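This report takes a protein model apart by its strands, its aromatic rings and one of its pockets. Please keep the sequence and the coordinates at hand while reading.

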Amino acid sequence: MNAGNTSQPVNTGNTRNAGSTYVNPVLDADWSDPDVLCVGDDFYLTASSFGRVPGLPLLHSRDLVNWTLVGHALERLEPDAEFRTPRHDCGVWAPSLRHHADRFWIFWGDPDQGIFQVNAPGIRGPWTRPHLVKAGKGLIDACPLWDEETGEAYLVHAWAKSRSGVKNRLTGHRMSPDGTELLDEGKVIVDGDRIPGWFTLEGPKLYLHDGRFWILAPAGGVETGWQGAFRSRGFFGPYEERIVLEQKDTDVNGPHQGGWVRTGAGEDWFLHFQQRGAHGRVVHLQPMRWGTDGWPVIGADGAPVATHRRPALPPQPPAAPAADDRFPGGRHGRQWQWTANPREGWTTQHSADGLRLACVRSADAHDLRRVPNVLTQRLPGKPATVEVGLRLDSEEPGARAGLAVLGDAFCWIGLERAADGTVQVVHRFAEAVAERERDAAHPRPAPEGRVRLRIGIGPGARCRFQYDTGDGWTPSGPVFAATPWRWVGALLGLFALAPDGQGHAGSADLTHFQVLPA
């Protein structure tokens with residue numbers, strides 16, 4: 001497991017959720033496709049990490065409302081050669097987190113490789129290397145189930161039409177109890193094409209409850225879909241279905257895809273995502289109960305709640321996944337992920353604070369979407385101001401470093417060594433359809449090779465850029481509307497690059513990264 005910086009970065013907390021009620025979303029950033037688990041008094045959550053590294057984030061809570069990031073289960077994406085360059089919408093899709101035989105297990109589907117699993121004796125590891133349970137194209141959203149009474153094990157997964165030509169169905173398998181292989185060719189156990197009005201059935205989570213097999217699975221598409229529940233006396237069906245959560249007259253579009261958890265006090269809760277444009281998939285917490293007819297009732301009679309009584313659990317201090325980072329000793333915190341498998345030499349540890357990034361030579365320096373050595377974290381879900389200090393220590397013409405908003409389109413502000421040897425503040429962007437960046441503002445001198453950078457993130461993820469070379473904050477360029485990739489929200493990124501060539505190209509130091517509420 002990649003535990004990241006052992007000195008915790010500043011955690012700004014979750015002050016909205018400090019009283020007797022909580023306010024959704026409880027995770028206000030792109031924690032896509034969450035699954036949740038209770039072990040003893042502790043709750044754990046993982047989420048899709050797609051092509052970012054390390055992958056499979058691991059979050060911890062004692063109250064289902066306040067969460068902290070405690071590490072990652074996947075140190076590198078495999079096969080390594082496939083992820084040496086960015087593959088932003090590929091990699092880890094919709095993982096499932098389970099606890100069985102005194103071990104934690106995570107199963108997921110890589111749409112181009114197949115179904116993988118990792119396991120560990122504790123949530124902080126050590127985690128095994130990824131094991132390929134079933135190879136194949138388009139196998140996604142895998143979830144295991146161990147029947148502790150019979151000793152049988154099962155697995156259900158969905159399909160990605162982009163790779164397999166198949167979608168809107170769930171396939172079930174018997175699985176070896178050790179979770180290493182599937183024991184049959186699989187059978188379609190839920191066919192969404194046979195259910196009137198249902199489409200894009202995916203993201204299944206498999207449970208046993210009250211003598212039945214239950215599959216909680218979303219349908220209807222990421223932005224506008226609903227949460228379905230399926231039940232059967234036998235794993236292979238037949239299944240009955242019901243819609244158990246949908247938008248109705250609320251402002252929460254597409255409330256679906258997540259996991260059910262029962263607390264030690266016997267309460268049931270459901271965590272799911274809501275797609276919010278460039279901010280990605282934020283996470284909501286819904287109350288859940290079992291109706292007199294045996295079906296789950298989620299939210300307020302099937303509609304998502306905006307605020308609700310907190311779970312009946314011991315009070316916890318406000319907390320949220322860390323964003324700020326002083327980079328002690330040159331180490332970055334757990335919240336940061338590379339856009340591809342990292343390579344030795346991209347960062348340098350040292351005795352002082354500050355992140356030292358090598359100016360990595362690249363033929364793709366003109367397009368941050370194609371560069372593997374961008375260190376990213378999630379875009380905040382609420383208006384905020386992001387700041388970081390930067391010093392460029394490179395004599396290489398064309399060497400540059402900066403702070404970016406990265407998505408299908410991108411924009412960055414930073415420093416570049418010009419052909420005449422001076423260091424300039426530069427501000428560049430690229431539209432989604434553009435193959436290379438261009439200026440968003442005229443270059444300005446940075447006489448000492450230092451600058452403080454700022455991005456103001458407003459409603460609708462509209463971003464305004466500023467810089468300060470010592471004379472106060474100066475606005476730069478027009479507003480930039482952050483854009484997501486197809487499945488991944490926009491990201492904040494730090495980088496250092498140099499033109500393709502030979503030899504060491506210098507480095508850049510970044511200091512005191514902070515995210516301040518607007």
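Predicted model: local features only at pLDDT ≥ 70, side-chain atom pairs only at ≥ 80, totals over all residues.

**A sheet of four strands**

Strands E6, E7, E8 and E9 follow one another in that order in an open sheet of 4 strands, and their pairing is antiparallel. Strand E6 (93–100) and strand E9 (131–135) take the edge positions with a single partner strand each, so one side of each of them has no neighbour in the sheet. On average, neighbouring strands of this sheet are turned by 20 degrees against each other, with direction ignored. The antiparallel contact of E6 with strand E7 (residues 103–110) is made by 6 bridges, and across the two strands histidine 99 stands opposite phenylalanine 104 of E7.

**Aromatic pairs**

In total, 22 aromatic pairs are counted in the model. In general, such a pair of aromatic rings is described by how far apart the centres are and by the angle of the planes. Two of the pairs are set out below.

| Ring pair | Centre to centre | Angle between planes | Type |
|---|---|---|---|
| Tryptophan 93 and tryptophan 487 | 6.3 Å | 70 degrees | edge-to-face |
| Tryptophan 198 and phenylalanine 230 | 5.4 Å | 65 degrees | edge-to-face |

The pair of tryptophan 93 and tryptophan 487 is classed as edge-to-face because the planes stand at 70 degrees, and angles over 60 count as edge-to-face. Tryptophan 93 belongs to strand E6, whereas tryptophan 487 sits in the loop between strand E36 (474–481) and strand E37 (491–499), so this pair ties together parts that lie 394 residues apart in sequence. Tryptophan 93 has a relative accessible area of 9% and is therefore buried, while tryptophan 487, at 25%, counts as partly exposed.

In the pair of tryptophan 198 and phenylalanine 230, the tryptophan comes from the loop between strand E13 (187–191) and strand E14 (205–209) and the phenylalanine from strand E16 (residues 226–232), so parts 32 residues apart in sequence are tied together. Tryptophan 198 counts as buried at 9% relative accessibility, and phenylalanine 230 is buried with a relative accessible area of 1%.

Ring pairs also link Tyr207, Trp214, Trp260, Trp290 and Trp295 into a cluster. Charged side chains meet aromatic faces as well: arginine 87 lies over the face of phenylalanine 83, at 5.2 Å from the ring centre, and arginine 281 lies over the face of phenylalanine 273, at 4.8 Å from the ring centre.

Which residues lie closest to the centre of the second largest pocket? This pocket holds about 550 Å³ of space, and of its 19 lining residues, Leu37, Arg98, Leu145, Tyr207 and Leu208 are the closest to the centre. Strand E2 (35–39), E6, strand E10 (139–146), E14 and strand E18 (256–262) each contribute at least two residues to the lining.

Strand E10 is mostly covered, with 8 of its 8 residues buried. E10 pairs with strand E11 (residues 153–159) in the antiparallel sense over 6 bridges, and isoleucine 140 has alanine 158 of E11 as its bridge partner. The hairpin of E10 and E11 has 6 residues between the strands, and glycine 151 takes a positive phi near 85 degrees there.

How values were computed. Residues numbered from 1 in each chain as written. Heavy atoms only, no water. Pairing = 2+ DSSP bridges. Axes fitted to C-alpha atoms, helices over the stretch in contact; angles between N-to-C directions. Phe/Tyr/Trp six-rings, centres within 6.5 Å; stacked < 30°, edge-to-face > 60°. Buried < 20%, exposed > 50% of the residue type's maximum accessible area, 1.4 Å probe, protein only. Lys NZ or Arg CZ within 6 Å of the ring centre and 35° of its normal. 1 Å grid on protein atoms, 1.4 Å probe; cavity = no way out; pocket = protein on both sides within 12 Å on 5 of 7 lines; lining within 4 Å. Points joined across faces, edges and corners; volume = space filled by probe spheres on them.
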